[in-house]
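My notes follow, one topic to an entry.

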Amino acid sequence: AGAYQREDGQWVYQEMPAQEIWDIVMKSTYDFAEPGILFLGRMNSDNNLDYCEQIEASNPCAEQPLPPYGCCDLGPIILTQYVRDAFGQNPTFDFKAFEEAVAVQVRFLDNVLDVTHWPLEQQKKEAMAKRRIGVGFTGLGNALTMLKLRYNSDEGCAMGAKISESMRD
C-alpha cells in the first residue's frame, strides 16, 4: 500500500517524520536495554582499520563494531575478585593479580580464535587476519564500594581510570 522503489533501487514502504522514528528508537532502548542506535559513519571514520574494512554491524551490546564476517570474541574480568580487605580498614586493589589475569585472558581469547570451528570460510579468514578480541571488566561500581570509594567522587573516578589504564597497558 503505497510502497515504491527509489532510483537507487532501495524500497520505501512508509514515510514518517524523523523525530517520530527517533522517539521510537529511544523508547525501545529504554524499554529493552538495547544499544539503540549505531552511527556507522562515525564508527567507520574512527576505525583504525578503515584502510581494509568497512564496519557494518556490531555484537548485540554494541561494544564491538564488526565488518562483514567479523567475530565477537569477548571476555570480562570481574573486578571484585581483586579487592583485598573489602570494606575493611585499608581496602586495596591488587593490581599485580589483576594484570596477571588480564594477560591470561588476552592469551585465552586469542587461542579461542585458533580452536574455533568456523561455520564459514569467510569468518575464519576475517578472524585470522585481524584477531579481534575484547577484554573488558565488570563490577566497577561494586569494586569501588568495596574499596570504600564513591562511584561519582574524584577518588572513585581516579581509581576507575587507574584500573582501565592497568588493563590497557
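By how many residues are K130 and E126 separated in helix α4? I found them four residues apart, which is about one helical turn.

**Ground rules.** I am working with a predicted model, in which local features need pLDDT of at least 70 and side-chain atom pairs count only at pLDDT 80 or more, while totals for chains, interfaces and linings use all residues. Residues are numbered from 1 along each chain as its sequence is written, and side-chain values use heavy atoms, with hydrogens and water left out. Helices (H or I, at least four residues) and strands (E, at least two) are DSSP runs, numbered from the N terminus.

The term stands for a side-chain nitrogen of Lys or Arg within 4 Å of a carboxyl oxygen of Asp or Glu. E126 counts as buried at 14% relative accessibility, whereas K130 counts as partly exposed at 21%. For these words I use under 20% relative accessible area for buried, over 50% for exposed and in between for partly exposed (1.4 Å probe, protein chains only). Salt bridges that share partners join E53, E126, K130 and R132 into one network. I noted 12 salt bridges in the structure.

I next looked up the partners of D110. Its side chain meets that of R107 in a salt bridge (2.5 Å, N to O). Both residues lie in helix α3, three residues apart, about one turn of the helix. An α-helix has 3.6 residues a turn, so residues three or four places apart point the same way. D110 is buried, with a relative accessible area of 15%, and R107 counts as partly exposed at 44%. The side chain of R131 also meets D110 in a salt bridge, at 2.8 Å, N to O. R131 lies in the loop between α4 (121–130) and β8, and D110 in helix α3, so this pair ties together parts that are 21 residues apart in sequence. R131 is partly exposed, at 26% relative accessibility.

I stayed on helix α3, where Q105 lies. Is Q105 buried or exposed? Q105 is buried, with a relative accessible area of 15%. Leaving aside neighbours within four places in sequence, I find Q105 in contact (heavy atoms within 4.5 Å) with G75, P76, I77 and V135.

α6 runs over residues 154–168, 15 residues in number, and reaches 21 Å from its first C-alpha to its last, close to the 21 Å expected. The expected span is 1.5 Å times one less than the number of residues. The buried residues of α6 are G156, M159, G160, I163, S166 and M167. Seen down the axis, they fall within an arc of 125°, so they line one face of the helix; the arc is that of the directions from the helix axis to the C-beta atoms. On the other side, D154 and R168 are exposed. I listed what covers the buried residues, and it includes β5 (74–78), β7 (92–93), α3 (95–115), β8 (134–138) and α5 (140–146).

The largest nonpolar core has 18 residues, of which I77, L79, Y82, F93, F98 and I163 touch the most other members. Such a core is a set of buried Ala, Val, Leu, Ile, Met, Phe, Trp, Tyr and Cys residues joined through side-chain atoms within 4.5 Å. The elements giving two or more residues to this core are α3, α5 and α6, and the largest share, five residues, comes from α3. I163 touches L79, F93, F95, F98, F137 and L140, not counting residues up to four places away in sequence.

How many disulfides does the structure hold? I counted zero, with a disulfide taken as a pair of cysteine sulfur atoms within 2.5 Å. The sulfur of C52 is 14 Å from the closest cysteine sulfur, in C71, too far for a bond. For C72 the closest cysteine sulfur is also in C71, at 7.4 Å, again too far for a bond. C52 counts as partly exposed at 41% relative accessibility, and C72 counts as partly exposed at 36%.
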